[in-house]
Amino acid sequence: MVVSQHLLEHTEEDVENSTQNPDTNSPKPPQKKLALLPLIFLIYFEVAGGPYGEEAAVGAAGPIFAILGFTAFPFIWSIPEALLTAELATTFPGNGGFVIWANEAFGPFWGSLMGFWKFFSAVINLASYPVLCIDYLKLMIPALSSGIPHTLSIFISTLFLSFLNYSGLAIVGYSAVALGVVSLLPFLLLSLISLPKIDPSRWLSFGQEGVKKDWTLYFNTIFWNLNFWDSASTLAGEVDQPHKTFPKALFFSGMLTCFGYIIPLLAATGAMELDQKNWCGGYFADVAEIIAGKWLKFWMEIGAVLSIVGLFEAQLSSAAYQLLGMADLGFIPKIFGDRSKKFNTPWMGILVSTIIAVAMSFFSFNEIISTVNFLYSLGMLLEFASFLWLRRKFPSLKRPFEVPLGMKGLILMCLIPSLLLVYVMSVATKAVFVASAFLTCLGILLYYLMNLCKAKMWVE
């Protein structure tokens with residue numbers, strides 16, 4: 001379980017091999033590794049997947065605050081998180097990602113708790129995607145709006161998407177490339193068609209008079225649309241030359257995400273009069289019809305469904321390989337590290353993640369993302385602390401990519417997003433507090449239960 005000394009004593013190549021295969025009995029890693037292009041789009045779908053979902057920021061606070069939020073937030077939050085991920089994922093390139101980092105910094109208890117916080121946030125987040133998918137499909141198929149057809153469609157779509165993930169990470173990666181291109185094209189067309197109609201003064205609107213600002217919804221929307229940069233770190237053991245590939249993939253996916261959000265937002269808010277109450281999830285499809293016609297609305301609805309498929313696949317891959325990494329570290333039973341003989345994918349991790357996602361998919365969308373944000377914030381506070389402590393604990397450790405700042409600069413880099421995390425947590429509802437406290441206690445209980453089972457030799 002303790003790999004710190006091992007990492008310090010071996011060469012970079014040995015570190016990479018040993019982290020991927022902590023014990024000799026683990027199944028061999030797949031022969032086909034993730035290349036740069038599919039990793040870019042997997043990270044992109046971990047974080048964004050397109051402008052779908054950013055509409056609520058306009059409805060909550062008006063165009064100017066939405067534009068400022070999606071312009072400034074990447075500098076406050078996304079860049080620090082991406083830099084942290086690039087350094088730690090290349091220094092400790094094993095499946096498990098942030099679980100390994102917390103374990104190296106503070107020991108197995110905090111490594112395990114980090115794993116449960118991030119896993120619960122990931123699989124609860126998974127539940128939001130089939131719900132969003134059906135919300136777009138019901139615009140074309142009204143029968144899916146409610147009742148048994150609605151419930152059945154969520155269940156079937158979740159199972160189908162999970163099977164696609166089971167078929168192999170390389171397939172998922174290149175599927176993400178195709179899904180990303182097709183889902184972004186309608187927004188590119190929307191932006192080009194909007195150019196002659198744009199009035200820049202509309203960007204400066206603080207919102208319609210009489211419409212109360214909903215800051216909780218505003219911050220939750222922006223935070224939810226721009227987090228999870230570190231999720232792909234759990235796939236580091238499956239990446240070709242992670243010390244070179246990860247920094248490049250994070251940079252290009254970051255550019256794609258930022259421009260993918262801000263350009264369509266500027267086009268839509270600048271090209272039409274503001275009707276703030278309409279700016280909610282799915283409104284971009286209506287904007288497309290108003291500006292270009294029904295043909296672009298239909299394409300955008302199809303693009304939304306494809307984008308949600310990509311989001312689901314990327315998030316499920318991250319969650320499943322995280323469980324594989326936790327099993328290798330001994331935090332959960334070894335069966336969670338089992339791979340499919342045919343596809344070499346972590347079938348147990350995919351199965352458990354899918355079951356939890358199905359169970360959570362019947363909660364409301366706002367309840368889902370609020371709980372996700374709270375649990376993710378807890379994990380990120382621990383992640384920032386781990387990053388700083390590892391710099392202090394192992395100052396001479398070779399880091400293939402290193403954030404070019406001294407300790408004071410690193411503290412400042414982590415402090416600003418940490419204050420944002422505390423704010424996001426402080427505006428959570430009582431139900432979110434209760435749910436997060438329950439899941440935290442469950443994670444702690446599972447840690448001690450696992451230790452007891454290992455001591456009694458009930459599990460391997």
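The legends below describe views of a predicted model.

**View 1. Overall fold of the protein.** The protein contains 17 helices and zero strands. Along the principal axes, its C-alpha atoms fill a box of roughly 65 × 50 × 40 Å. Of contacts between residues at least 6 apart in sequence, 83% join residues at least 24 apart.

View 2. Buried residues make up 57% of the 460.

**View 3. Helix 14, residues 347-360.** At 1.5 Å a residue, the 14 residues of helix 14 should span 20 Å, and the 20 Å between its end C-alpha atoms agrees with this. The buried residues of helix 14 include Met348, Gly349, Ile350, Ser353, Thr354, Ala357, Val358 and Met360. An α-helix has 3.6 residues a turn, so residues three or four places apart point the same way. Among the buried positions of helix 14 are Ile350, Ser353 and Ala357.

View 4. Tyr447 is found in helix 17, which covers residues 430-455. Its relative accessible area is 11%, under the 20% cut-off, so Tyr447 counts as buried. Not counting residues up to four places away in sequence, Tyr447 touches Pro108, Phe109, Ser112 and Phe116. The C-alpha atoms of Tyr447 and Leu113 are separated by 7.7 Å, although these residues are 334 apart along the chain.

Terms used. Residues numbered from 1 in each chain as written. Predicted model: local features only at pLDDT ≥ 70, side-chain atom pairs only at ≥ 80, totals over all residues. Heavy atoms only, no water. Helix = DSSP H or I, 4+ residues; strand = E, 2+ residues; numbered from the N terminus. Buried < 20%, exposed > 50% of the residue type's maximum accessible area, 1.4 Å probe, protein only. Contact = heavy atoms within 4.5 Å. Expected span 1.5 Å × (residues − 1).
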